[in-house]
Amino acid sequence: MIQLSLYKKLQANHGEMILDIDIQIQSGRLVAIYGESGAGKTSILRMLAGLFHPEKGKIIVNNQTWLDCSEAINLKPQKRKIGYVFQDLALFPNMSVRENLLFALDKGQKSDIVDELISIMELHKLETRSPDTLSGGQRQRVALARALVKQPDLLLLDEPLSAIDHQMRSKLQDYILEVHKKFQLTTILVSHDITEVFKLSDHIIVLENGRIQKQGSPSEVFSGKNMSGKFQFTGDILSIEKEEVVHIVSVLIGNNIVKVIVTEEEANDLSVGNKVIVASKAFNPIIRRIG
Ligand SMILES: Nc1ncnc2c1ncn2[C@@H]1O[C@H](COP(=O)(O)OP(=O)(O)OP(=O)(O)O)[C@@H](O)[C@H]1O
């Protein structure tokens, strides 16, 4: 369990902004912090990592106090068992991919975990390469593996995939899900991307001007009501076409286009580019093998 209460005055574009949050996260969950630019998301992660200090607050991770301002407890960043991946994370350029991972091992820690991560993250073909010769997506895959070497108590992902193209991003999201399933690490993901947040997290905290505006499951948070379905996916609207009395909405879900028929009234509420949830609970989905 992670208990977090943080208070800090920040300098926002429009003047002073108070970051004031109280969050509890159960162990093993993947929680997303979602919010507009400047809402305070990165500040929370930096405070968790010990890189930024709140004026008031407490951070307790698995019963260990990392920070308690009233007791003057403030564990150094290197004493906090954290894996941190952000957009422009630098790998050591003078070391191969494998050496970058080995370098992250704690003193006396067995190197088996490096082999395991190379296998899970499918880095075999890249392990002797220098980071400079890798694509952005490959580098982030290595960065994620490196953050996992120490088997942290808490994994922090700050927009780790935002500079990566759509197809590679989707693959990397699968890797994140895979390692999360395998290691059950408590993970906090900061992202602007609703589809990403929906796909990866089981709980979403929406931050607005330094305060929690709402939180809950992805469907509770994004559909405004508790939407349940036999299956549901998120996607982007590509087109809305009128056909006689109905409208046909084409939605891009992953790499597939799904067409959904809606009424005129429903269509009026939708625009090309909107992120949407496509769900069904009235009938059983049909499954067929492909290829
Ligand atoms: N050291 C600091 N002292 C005071 N204010 C700060 C400090 N660091 C950041 N801020 C301000 O706090 C606000 C929140 O910044 P933060 O980076 O946490 O937002 P964010 O939600 O992560 O935004 P983005 O999505 O653009 O990364 C910003 O207005 C920023 O200028």
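Student: How many helices and strands does the protein chain have?
Tutor: Eight helices and 15 strands. Helices (H or I, at least four residues) and strands (E, at least two) are DSSP runs, numbered from the N terminus. This is a predicted model, where local features need pLDDT of at least 70, side-chain atom pairs count only at pLDDT 80 or more, and totals for chains, interfaces and linings use all residues. Residues are numbered from 1 along each chain as its sequence is written.

Student: And why call the chain as compact as a globular protein of that length?
Tutor: Because its radius of gyration is 21 Å, close to the 19 Å that the globule rule gives for 291 residues. That radius is taken over C-alpha atoms, and the rule is 2.2 Å times the number of residues to the power 0.38.

Student: Which domains is it divided into?
Tutor: Domain 1 covers 2–223 and domain 2 covers 231–280; the bounds come from an automatic or database domain assignment. Their centres, taken over C-alpha atoms, are 33 Å apart.

Student: How many residues are in contact there?
Tutor: Seven residues of domain 1 are in contact with five of domain 2, contact being C-beta atoms, placed from the backbone, within 7 Å. On the domain 1 side, α6 (194–200) and α7 (218–223) are the elements giving two or more residues.

Student: Switching topic: which residues have the most contacts inside the largest nonpolar core?
Tutor: Ala32, Ile33, Leu48, Leu144 and Leu156, in a core of 56 residues. α4 gives the most to this core, with six residues. A nonpolar core is a set of buried Ala, Val, Leu, Ile, Met, Phe, Trp, Tyr and Cys residues joined through C-beta atoms within 7 Å.

Student: What does leucine 144 touch?
Tutor: Val85, Met121, Pro160, Tyr175 and Ile176, not counting residues up to four places away in sequence.

Student: Where does valine 149 lie?
Tutor: In the loop between α4 (136–148) and β8 (154–158).

Student: Is valine 149 buried or exposed?
Tutor: Buried, because it has 21 C-beta neighbours inside 10 Å. The cut-offs are 20 or more other C-beta atoms, placed from the backbone, within 10 Å for buried, 12 or fewer for exposed, and partly exposed in between. Leaving aside neighbours within four places in sequence, valine 149 is in contact with residues including Leu101, Ile113 and Leu117.

Student: Last one: which residues are closest to the ligand?
Tutor: Leu10, Ser37, Lys41, Thr42 and Ser43, out of 13 that surround it, counted by a C-beta atom, placed from the backbone, within 6 Å.

Methods: Two residues are in contact if their C-beta atoms, placed from the backbone, lie within 7 Å.
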